[in-house]
Amino acid sequence: MLEATDLSVEFAGRGGRRARAVDGVNLSVGAGEIVALVGESGCGKTTLARTLLGLERPTSGRITYDGTPLSYTGRALKAFRRQVQLVLQDPMGSLNPRQTVYEAVAEGPRIHRLPSRNTAAVAGSEVAAAPVDEEALVASALSRAGLRPPERFFHRFPHQLSGGQRQRVVIAGALALDPKVLIADEPVASLDASVRGEILSLLLRLRDDLGLSALVVTHDLGLAWNIADRVAVMYLGRIVESGPTEDVLTDPQHPYTQALLSVLPESPQRIVLTGEPPDPTRIPTGCRFHPRCQLVAQGNGAPACSTQPLPILPAGASPQVACHMAGVDQTAVSSSGS
Amino acid sequence: MLTLEELSVTYRIGDTRAGRAADDVPAVRGVSLELAAGEALGLAGESGSGKSSVALALLRLLPRSAVVGGRVLLDGEDVLTMKWGRLRAVRWSSASIVFQGAQHGLNPVRRIGDQIAEPLLVHRLASGAAAEARVRELLEQVGLPAWRARSYPHELSGGQRQRVMIAMALACSPQLIIADEPTTALDLMVQAQVLTLIRQLIADHGISLLMISHDLSVLADMCDRLAVMYAGRLVEVGPSAGKFRHPYSQALAAAFPTVGDPASRLAPRGLAGDPPDPQELPGGCAFHPRCPVALESCASTDVPLRVSGDRAAACVLVGE
Amino acid sequence: AEPAQKKVIKIGVTQAVDSMNPFLAVRLVSGSIQRMIYGFLTVPDSKTLQPSPDLAESWTTSPDGLTWTFKIRQTKWSDGQPVTAEDAAWTFNKMITDDGAKTGNGPAVENFQSVTANGQELTIKLKTPQASMLDNPVPIMPKHVWEKVKNIAEYDAEVYPAVGSGPYVAVEHKKDQFVRLEANPDYWRGRPKIDELQIIFYDNPAASIVGLKKGDIDLIGRLNPSDFESLKGDDNIVQWNTQGRRATYLQINHGATTSDDKPIGDGHPALKDPKVRTALHHAIDKQKLVDEVQGGLAKPADGSIIPPLYKDYFWEAGGDQKIGFDVAKANKILDDAGYKKGPDGLRTMPDGSRKLQFRFSIHTDAPIEDKLAEYLTGWLKEIGIGLTTKRLDSSKFSEETGTTALFDIAISGWSVNPDPEEVLATHLCSRRPTASGEGGGTESFYCDPTYENLYLQQQKELDRGKRADVIKKMEERLYTDAPVIALYYPNDLEGYRKDRIASITPIPEDKGLLYGGSGYWPFYTVEAVSKDGAAADSGGTSTGLIAGIAAAAVVVLIGGFFVLRRRQGAADERE
Amino acid sequence: MSTVSWVRRRRSAARFWADFRTHRAGVAGLVILAVAVVLALIAPLFIDSGVTNVVSGTGEKMAPPSLDDPLGTDESGRSVLLMIWWGSRTSLLIGFLAALLSMVIGTVLGIAAGHFRGWVGAVILRVTDWFLVLPSLVTALVLAAILGGSTATIVVAIGVTSWPSTARLIRAQTLAVEARPYIERSLALGAGHWHITTRHVLPNVAPLLLASTTLEVASAIVTESTLAFLGVSANKTSWGTMLRGSYDWGAATAGAWWYILVPGLCIVIVVMAFTLCGRALETVLNPRLRTRAV
Amino acid sequence: MTAALDELEQAPARHGLLRYAATKAGGALLSIAMVIVATFFLFRMLPGDPVRALAQGRNMTPEQLDLERARLGLDKSIPEQFVRFVKQTLQFDLGVSYEYKRPVLDLIGERIGSTLLLTGTALVLAVSLGLWQGARAGWKPGSRFDKVSTAISLVLWSVPTFWLGLLLLMVFAAGIGPIPGIFPTRGSSSVDKPDGLAGVLDVGQHMVLPCLTLVAVVYAQYLLVMRSSVIDEVGQDYVTTARAKGLRDDDVRRKHAVPNALLPTVTLVFMRIGFVVGGAVTVEAIFSWPGLGQLFYEAIRVPDFTLMQGTFLLITVSVIVMNTLADVVYHVLDPRVRSA
Ligand SMILES: Nc1ncnc2c1ncn2[C@@H]1O[C@H](COP(=O)(O)OP(=O)(O)OP(=O)(O)O)[C@@H](O)[C@H]1O
Ligand SMILES: Nc1ncnc2c1ncn2[C@@H]1O[C@H](COP(=O)(O)OP(=O)(O)OP(=O)(O)O)[C@@H](O)[C@H]1O
Ligand SMILES: [Mg+2]
Ligand SMILES: [Mg+2]
Ligand code: NI
């Protein structure tokens, strides 16, 4: 459905240096599929998500939706955004503190003049009598998001809701437009542990009931394991490994994925990577992971690691990995991990 | 070495002068805990359950709007009734704190070396060159080059800053370190680095640790014993190994799935309902509205911690 | 040498010196100071105000009145050099030849053909006869000092002691603060009776009154009525209230024309009608104005632009000629002339074309004029004439009322010198601006053949008595034709401390002026109360010391307070 | 859904009022303000501009307060009380109009500077900064001196010199609001510039704007009086021109304390009322301050 | 390695500051350019004929007027005049005062000293007092100290400067009732100012009232700004950390909260310098203080447009320069932006 091809996004950093936040990414989200995009902080996950929604313009590469490339004219974007919706990490921040739940959910339909057929109501003019069924629209979105009975929430302000409820309101706001794809950027990161499960269940349910596709951006591998069909691991602006969740998370191929999984508390041995998180303004030559790669650090790396860049992984469902060592010396990898 | 007896913290908000009734927020409601020397205790619980309030109460750092009850015995001395002068002497030299937000816990306009040395100077443990040497030593202990002493906080990454906070906490060689969510804001990999460091340091120096987090799996990994809070109360205390007994603890544990565990695959679990509002706590067991196994009696009777084996839980279902 | 014995008199003024260079200075205060530090050809006599010898010991005129010969007094500049006719000639020639030097007193030499010197003899040849020759306002400057100055127009003359030949020598000038003058021991009349004269500037008139009451200053002139009133009741202060030099009058746009007789401006047509002007005149209650606006401290004007101070030249209407306050008569005049009242109470032109709605131009920032405007508005309303007040800043005011004639009625006033020629000249045809709006200096755009003739007549008339008669005729003409309507003659209001000033002679000596007068007479004759002045002086310093010490003590106390707090707070303070 | 928004408005107004009421100083300010404004508005029912006319000055000149003239008289025998009353109209009018002008300019430019990144914002910001550092009183003086001192020009002079701080405030607030995720969410919903600025930014800056405008009125009144005192205002009767009058007519040296004190105190009280009110509004409406008001 | 890393870490910092200072200076220059342009057009909007204004009603022949016009370049077209104006301004030629017939720059030069003395002293006092009191008040909002300070500053904030000055003059210079008028009524020094220490005391005595007036008004602003700035810091985590370290409350405030709170205040303090300058106009007029403000006041009263224009230019430009300095100082003070 939604596909990114050779996507790059650069930012002008300080002192003229350019930060390549997204540096060649191929990624697709199929119909009814939940894809998890995982990676550490600053690797470009959010930038990728925003670019997919047209909120950021790619420096190169393109985004296609249902096969048609995304156009950046105001009208095209607006139409596109009826289909693809965004849910952000911070549900409190995503709601205007001066809007009630009702207004927050109705905002999308009003922008898109929904329901439009039988009324001439001017979008954005709150005072003009809105169509009778706007309320129905809002109510149905709220109940689909699990806020029942919806009328009870209409007049609440965000600060009168709990974190989980707020996130549901945000999701309801997206659902009110009947989108096909939902991009969720760390949807539960700021929620309490006990509440997050509920939101994740909601996403799964929406996928099952409405056939919604979703791209879930997260740094939490457990979350990916919880809900994703497919996982893409991102490192420094590139996807370094992708494939079905079971494959990637139980049998990681890339040393980076391996390290990530190893630091989970329950994992038997830890591979704690040294060094600071990478800087997108100074992308290393060769394999971009090589300065921190535990294999290279142990002297098990290939000479190509520091010199030869790796090809960009194609978008696709099959397991893929971008590593010079992948498949070459698996035994060495696992033994050195201990 | 640290004993909490029926510790309670109530925040008074609202303007009493304006004639409005003061709204009280009972953030901590009778917490009793004991921490032996050299022991690592984890305190878990979701947001707003009163974890930080407990931590701040230990050194009487709460704002003036907070009313503290009960006793906090630190080496047998009650912190809550100490003279201010004595209290200042105890602070940091007996117990130090590593706060959650490392970026805010450091003063942005002062060099980190000065900030690390400050407790040394305040407590007259070292001065001048000796303090400088100690700062260098501390920085090396937490794996930072000594020249970093001249850096400002913003020049450091989050992980480094948290290391500085840890170095600072170690400055006066306290017997107890309180770590309030020391890794929450950090990245996965950095979090692992910091936890490894803490684990190693307390082991090396034989320091007691009170670590606060909402992530049960992290605590289980770090601590000998775990305490779980809900709505200002302890609901469960016990060794970190072994299964939880209280339904809330269980739910909390289930919220962090084990990767590779087929049971949690495509089956996220959590608790229905909302976390309680400390100002409007439900009667009876505060957890009963969300409890998947609640009995009718739960709505009316509050259950104190019940000991069962090596752990204690506040639930009727946990037998004597 | 013995400063405690020094006799000092301090004069407060509310204007600062603009320039110490007499060629450039235009402010009144600068003129007053020049009078004290430089000699002039003549000065007004202290009794009669007639020209009397100053640097010019004596003078003669050629029969045609075109050549004047002055004999310069044998005296010394304050630096010991002799004063010669060369100095005077240099001064006048400098002004004739150097445009920059004309700034201060340019018009005074406009009529000069040539100026030559021969020893102590100064010869001035004029272009046309000029009776006012003896009222020349130009201070004579020491040639040997000033000829070294390259560019007069940019010279600030801040060199002290300044070389002069007046009763005082300027020894110090602090910009915007004060000028200090010391007695000139070599002054030809003899050394003044005090040692030092200080002229102290106040920006804030209220502060100057406070200063006088407190004794910071000893004398202050040019008071406005309310400030003058506020001196009442202070035993140490003498309130000095005499006839003044000024006349306040209305200037009426009676059909302004340029010097080539083309109409200019946008004056109301009704004002061209002398009957309307007379009606206006009748509608003004001058006595009421004096009482309300001037606090009674003025004389209502039943004459023209020359105030009664100048007895010789003063003219006053009497009998039938006198136009008194008479609203009914004013209304009748207007009714008869066909200006009919409309339903709104305003009259219209006889042809019905325009309402009689006039503008009244006054200065911004002039409270007295504001008040005056309100009274006029009230009275004119009663005769069916509307008046709206228009406030203008002084440059715009002088442009609109002096050049472009964009006014109907405007306030005006003139400070008249002992020789009234200049004020009379302001109503000459030649003073009207050119078509391109240049030149000028007219007070009324007046151009009247009768008046012109009279002017020429008085200019040539060197007999003082006869000349005065001609001048009075000119005043009469102005009164009846009413291009200007004199309102009142404000009194000269001053105040001084009698515990400081033992005696001071006004000019003219009989009920004359002190600071506000022309000439140095009052300050030449002033005598200080000897010991008090010194005592007060040292008292001033000691209060300064006390205040200083008090301030220091406060600082120390505050500092100590902090230190103490720090100490004591160290131990066990709660958070 | 007008009922929904109506309910919302009423509720937030009620909440606001409940909050505001706790600020005693603010309430006091509001009461004084209301009284002052009402008095100014109803003045024409009782008196007319005649009270400021010298011809109508019937009392004794500079008479101390008495039963006839409770606040004494001025140099023309006019009642200071009546003049103050009538003059409050000019002072308040100038204060409000200047603040309004400054608010309008400030809001438009502030939102534009904050919303439009790139050169538009940069240019507006630069201009704002430029105006901000101009010494406002000096600039207002020059403007008033050059344009002449009518009410309109005084309003313009004050308004034109005082908007930049509003613009700065609004810009900062706009930036803060636009950094909030709900703007991103709104963009993702398909909103355009107009929607973002009018639906999200404006409502969020409006309260602060109200507070800042209230403070602005206060400083405009002071500025007007200063301009009048420095003699560039040709207004009929305002508190500033009354003070100027007391200065011109030597009230201080004549011991006419009422003539100096009364207009001055009126300025202080009204300005303070505006200030208290504005500050209370600020604390109530600025969430950043509210969280700290424990 | 340490040394090398040091080099690496600090080099960009230094360049950062330099570059920052350079951009700020560039911005200031642009602002100054804008001031110059604006001044030109503002003063060209003047009603009336400047030459006639220059003549101040004195009688001048058409030739003289033409000559004067040519001298001032007023016979040229507006663009030409503009070029001329800019050129002259850049050469610090601010024209010749109508009133004083002297170069405006000279007039300014003569008076700038006393203004600097007065405003400088007032500023130092206002800043130190205001910031100190503001810090204390903000540290314990709601305390009695806070309430009293806030009340005082609110009153002072609402008081028109000139009115306060007049009252002070009437009370402390004239003396009322038992209060003796121990302060002088005008000026910056006595006519017979003694030398040495007594002279300094004399100037000090003259300065008390004008300084007090200026301080009173400005200090209130600084107090309020500092107060809210400190309130912002009170809840910060690093403050709690400092308290946890066992620091005394006073030390927490002085060593931790205040240095942080000072940073945003610095800009504001400088930003309000324009206010001090504005206040100086009224204060100098009331106390006959022979400074720039007085000069400006006179220029407005006359009105002397070249003088006004020159003083305006100078005041504005200096305020711009001060603000730029403040920005740079801020960057030096704040380590966060220093190396960014
Ligand atoms: N608007 C921007 N301007 C400049 N740099 C940016 C911008 N947005 C992001 N970056 C940079 O791009 C890189 C990727 O940022 P991004 O927010 O996409 O990371 P992320 O993976 O979402 O991190 P996190 O897990 O912390 O949210 C970072 O180094 C960031 O500093
Ligand atoms: N200063 C305060 N004034 C009023 N209420 C407060 C204050 N600080 C905390 N509270 C309230 O007390 C309760 C407990 O807060 P506390 O910070 O101890 O929770 P916590 O468990 O540390 O939460 P988190 O995981 O979010 O840090 C919360 O409901 C909180 O809203
Ligand atoms: Mg992100
Ligand atoms: Mg906490
Ligand atoms: Ni090294």
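Visitor: Which residue stands opposite Ala36(A) in E9(A)?

Guide: Val231(A) is the residue facing Ala36(A) there. Before we go on, this is a predicted model, where local features need pLDDT of at least 70 and side-chain atom pairs count only at pLDDT 80 or more, while totals for chains, interfaces and linings use all residues. Residues are numbered from 1 along each chain as its sequence is written, chains are lettered from A and ligands numbered from 1 in the order in which they are written, and side-chain values use heavy atoms, leaving out hydrogens and water.

Back to your pair. Strand E3 (residues 34-38) and strand E9 (residues 230-235) of chain A run parallel to each other, paired over four bridges. Helices (H or I, at least four residues) and strands (E, at least two) are DSSP runs, numbered from the N terminus, and two strands count as paired if DSSP finds at least two bridges between them. In general, strands of a sheet pair through backbone hydrogen bonds, either parallel or antiparallel. These two belong to an open sheet of seven strands in chain A, with mixed pairing and the order E6-E7-E8-E3-E9-E10-E11. At its edges sit strand E6 (84-87) and strand E11 (320-321) of chain A, each pairing on one side only.

Chain C has some antiparallel pairing to set beside that. Strand E6 (residues 112-118) of chain C is joined to E7(C) by six antiparallel bridges, with Ala117(C) partnered by Leu122(C). The two strands make a hairpin with two residues between them, and in the turn Gly119(C) has a positive phi of about 60°. Strand E7 (residues 121-126) of chain C also pairs with strand E5 (residues 67-72) of chain C, antiparallel again, over five bridges. There, Thr67(C) has Lys125(C) as its bridge partner.

Now, how do the chains meet? Contact means heavy atoms within 4.5 Å. Chain A and chain C have no contact, and their closest C-alpha atoms are 32 Å apart. A salt bridge here is a side-chain nitrogen of Lys or Arg within 4 Å of a carboxyl oxygen of Asp or Glu. The rule finds one salt bridge across this interface, while the count over all chains comes to 74.

Of the nine pairs of chains in contact, chains C and E share the most contacts. One salt bridge between them joins Arg111(E) and Asp176(C), at 2.5 Å from N to O. It reaches from helix H5 (residues 104-139) of chain E to the loop between strand E8 (168-174) and strand E9 (178-183) of chain C. Arg111(E) and Asp176(C) are both buried, where buried means under 20% relative accessible area, exposed over 50%, and partly exposed in between (1.4 Å probe, protein chains only).

Inside chain E, Asp249(E) and Lys140(E) make another salt bridge, at 3.6 Å from N to O. Asp249(E) lies in helix H10 (residues 249-271) and Lys140(E) in the loop between H5 and helix H6 (144-158) of chain E, so this pair ties together parts that are 109 residues apart in sequence. Asp249(E) counts as buried because its relative accessibility is 5%, whereas Lys140(E) is partly exposed at 24%. As for bridges that share partners, one network takes in Asp156(C), Glu158(C), Lys175(C), Asp176(C), Arg102(E), Asp106(E), Glu110(E) and Arg111(E).

Chain E as a whole has 14 helices and two strands, and 55% of its 340 residues count as buried.

One last stop, in chain C: His254(C) sits in the loop between strand E13 (246-252) and helix H7 (274-282). His254(C) counts as buried because its relative accessibility is 14%. Leaving aside residues up to four places away in sequence, His254(C) touches Leu271(C), Lys272(C), Arg277(C), Ser444(C), Phe445(C), Tyr446(C) and Pro483(C).
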